[in-house]
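Biologist: Walk me through the terms used for this model, please. I want each one set against its definition.

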Amino acid sequence: MMPGAPVKNTVENFVTAYVADMADTAFDLDRAVTESSGLGATEMMAVLTDTRLGRMGIPLMADFMAPDGSVYFDAIFGAFHGQAAIRNWLVPAMAEIEFVDFVPTAESVIFDDGMGGSSLDEWNMVANIGDMSIPLARGVSVRRYRDGWITWACDVYDTGAMRLPPPPDMGVEAAPLPPWPNVDWVTDQSAAAAQPNDVGSGPILCADSSTVSEQIHPTDFVYFDSLFGEFRGRSAVESLLADVGPKFGQFVAEPLGARLFDGTVSVQEWKLMAIVPDGRRELGLRGTSVRRFADGLVTYAADYFDTAPFADDAVKAIAQAAGSTLSSADIAEHRAVI
């Protein structure tokens, strides 16, 4: 069932039945769901955001993942394959961070991808500690829905700051996070062949500056990326690109799925590859780009990725081999408040 279809009764019935069945049941990491939910993309999203579920929404997310062939990627922990692996990571991991909220920054979008639907969510991750509400990262989630299952779930956000110890005056301790997940993603060659030459094809820092200027709104424009923060207005982004663009080096964003577009919003998942002197492509940083449009111009652009790999000596060496001269001083000079 795609956007616009009546879903209220279906969602109501599903949530009522699920809560009745699971309310007094302990979370079971050995639980295996082999029968499809029978829900469409719109219904599954509505179910997962129903407030009656409370913490039951976490194991339900695992229930919705296809038993085989599904993938859930998280910027901290990496990629998990299949319902069982996803459940055994997702349920305990979310139980440990009950103090964290994911606050939406825009309305959810469901795309008709011709195969069952895909969804987009943008959010702020916020830690609630005592009376303090601490922003952690801005992030994005992309889901793919097929035959009553979720087959792809990908949460991209910046973990760089999270990997630093908290200030001593906060009086809290944080367990060290695992190393950043260097996943060997496979480029979607069919999507690569169909990529348009516009600012929706990948991160703006990889785009031609003249192309960016032509396609973004001159005044009503907001740009965000995980490295530099948020900028408003075309002139601010042009100034950023004029300085750091030539220092960025030879990089290309290879698509990890089709670019989805509903007429007003687009999303593209990609991996950032460095082109080294012998022509090989190396690196593979994971990212997701969101664009919003009005009157044919881009009014909002967000490039989500993890900055943690930039502290890795091997990644630094690859970037330098690709001609990058971007320094921490350059970043500090232009970095906006996130």
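Modeller: Start with Phe-251. Contact means heavy atoms within 4.5 Å. Beyond its neighbours within four places in sequence, Phe-251 is in contact with Cys-206, Leu-272, Met-273, Ala-274, Leu-283, Ala-319, Ala-322 and Ser-324. This is a predicted model: local features need pLDDT of at least 70, side-chain atom pairs count only at pLDDT 80 or more, while totals for chains, interfaces and linings use all residues. Residues are numbered from 1 along each chain as its sequence is written, and side-chain values use heavy atoms, leaving out hydrogens and water.

Biologist: What makes a set of residues a nonpolar core?

Modeller: The members are buried Ala, Val, Leu, Ile, Met, Phe, Trp, Tyr and Cys residues, joined through side-chain atoms within 4.5 Å. Buried means under 20% relative accessible area, exposed over 50%, partly exposed in between (1.4 Å probe, protein chains only). The largest nonpolar core has 33 residues. Phe-221, Tyr-223 and Phe-251 touch the most other members.

Biologist: Which element gives the most to this core?

Modeller: α7, with four residues. Helices (H or I, at least four residues) and strands (E, at least two) are DSSP runs, numbered from the N terminus. Apart from this core lies another, of 26 residues, including Val-15 and Phe-64.

Biologist: Why is Asp-147 called exposed?

Modeller: Its relative accessible area is 70%, so Asp-147 passes the cut-off for exposed. Asp-147 lies in the loop between β6 (132–146) and β7 (149–157). Its phi is near 55°, a positive value in a residue other than glycine.

Biologist: And what makes Asp-295 exposed?

Modeller: A relative accessible area of 80%; therefore Asp-295 counts as exposed. Asp-295 sits in the loop between β13 and β14.
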